[in-house]
Amino acid sequence: MESNEREPAEAAAPQAGPPVDPPAGPPARRPVVAAAVPPARTPPDPQAGPSAEPAAGGAAGDTADRPAGPSAGPAKPPRAPGIAGLSAPYRVVTALALAAVGLAACGHLALVFLHVAPSNTVSKQHARTVDDWIYPEFEQNWKLFAPNPLQQNIAVEVRAEVRTPGGEPVAGGWRDLSAQDGAAIRHSLLPSHTRQNELRRAWDFFTGSHGEDNRPIGERGELSERYLRRIALNRLVEDGTARGEIVRIQLRSATRAVAAPPWSDEKTDTQTYYRELPWWTV
């Protein structure tokens with residue numbers, strides 16, 4: 001029994017002897033196991049939009065986590081609207097321009113208010129400044145609300161005396177400036193405010209600051225003469241009808257009352273009355 005129990009122990013013991021060297025030659029290569037490499041994905045087309053099917057080898061969760069479209073850099077902050085979106089120098093220039101326009105508008109409204117308001121201490125103290133600003137371009141009146149509105153057609157006419165090539169001055173015929181203004185605005189969708197009021201207001205300004213003998217009354221009379229003469233000269237130069245050197249000009253008004261309607265018994269004198277002004281040297 002004892003011999004039988006020792007046999008397994010003897011068989012398990014390693015045999016005594018010198019170590020065996022491995023054979024000479026190149027080392028044996030280990031077999032390479034190919035790993036599962038996912039196929040390369042084609043970048044999505046920005047025009048086609050996100051693909052409906054996930055790429056092969058990908059999971060549904062990966063497709064959901066990826067943002068649609070091509071990867072973009074950091075988004076630029078949106079530009080602020082209005083003046084705030086401009087650079088600092090442009091903001092300063094714009095602010096100064098708006099401030100200047102606002103001050104000019106407020107000053108104009110203040111002067112017009114003092115002109116049309118009842119006489120008071122402020123308007124009397126600054127009457128010269130108000131008149132210099134208002135006349136003649138911004139003159140105000142209340143004829144539209146008068147109890148008896150104007151019922152006359154007043155036409156302003158002008159003629160010029162030009163110097164011929166021989167040196168002799170020759171006076172031309174009368175030209176109806178009011179008729180030209182009326183023809184320019186008739187049937188016009190956007191009639192000119194200048195054509196409607198410039199000449200008419202200039203003539204009213206002249207007659208209001210002159211006596212029956214056509215002599216000016218105060219400084220406003222002289223201003224109205226220069227204003228009316230400048231308008232007439234501009235019309236002559238623009239039309240080009242007064243050929244040659246203009247030496248003098250003369251203006252006149254043709255006043256004719258508006259005829260009464262056929263159903264009225266009112267009798268109206270429709271004869272034309274003229275008021276000629278003296279010749280003005282250019």
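Predicted model: local features only at pLDDT ≥ 70, side-chain atom pairs only at ≥ 80, totals over all residues.
Two strands pair if DSSP finds at least two bridges between them. Helices (H or I, at least four residues) and strands (E, at least two) are themselves DSSP runs, numbered from the N terminus. Residues are numbered from 1 along each chain as its sequence is written, and side-chain values use heavy atoms, with hydrogens and water left out.

First, the overall layout. The protein has eight helices and six strands. Read from the N terminus, the order is α-α-α-α-α-β-β-β-α-α-α-β-β-β. Of its 282 residues, 20% count as buried. Here buried means under 20% relative accessible area, exposed means over 50%, and partly exposed is in between, using a 1.4 Å probe and protein chains only.

Now find strand β4, residues 245–257. Which strands does β4 pair with? One is β1, residues 152–163, which runs antiparallel to β4 over twelve bridges. Within that pairing, Ile154 has Thr255 of β4 as its bridge partner. Another is β5, residues 273–276, antiparallel and joined to β4 by four bridges; there, Ser253 is partnered with Arg275. Then β6, residues 280–281, is also antiparallel to β4, with two bridges, and Ile249 stands opposite Trp280. Ten of the 13 residues of β4 are buried, so this strand is largely enclosed by the rest of the structure.

Next, helix α8, residues 218–239. The 22 residues of α8 should span 32 Å at 1.5 Å a residue, and its end C-alpha atoms are 33 Å apart, which agrees. That expected span is 1.5 Å times one less than the number of residues. Buried residues of α8 include Gly221, Tyr227, Leu228 and Ile231. The buried residues pack against several elements, among them β1, α7 (193–208) and β4. Just after the helix, Gly240 takes a positive phi of about 75°.

Let's zoom in on one residue of α8. Is Ser224 buried or exposed? Ser224 has 0% relative accessibility, so it counts as buried. Beyond its neighbours within four places in sequence, Ser224 is in contact (heavy atoms within 4.5 Å) with Phe205, Phe206, Ser209 and His210. The side chains of Ser224 and Ser209 are joined by a polar contact of 3.0 Å. A polar contact is a pair of N or O atoms within 3.5 Å; within protein, one must be able to donate a hydrogen and the other to accept it, and residues adjacent in sequence count only if both atoms are side-chain atoms. The Ser224 side chain also reaches the backbone oxygen of Gly221 at 2.7 Å.

Last topic: charges. Side chains of opposite charge can pair when their charged atoms come close. We call it a salt bridge when a side-chain nitrogen of Lys or Arg is within 4 Å of a carboxyl oxygen of Asp or Glu. By this rule there are twelve salt bridges. One of them joins the side chains of Arg128 and Glu219 at 3.6 Å, N to O.
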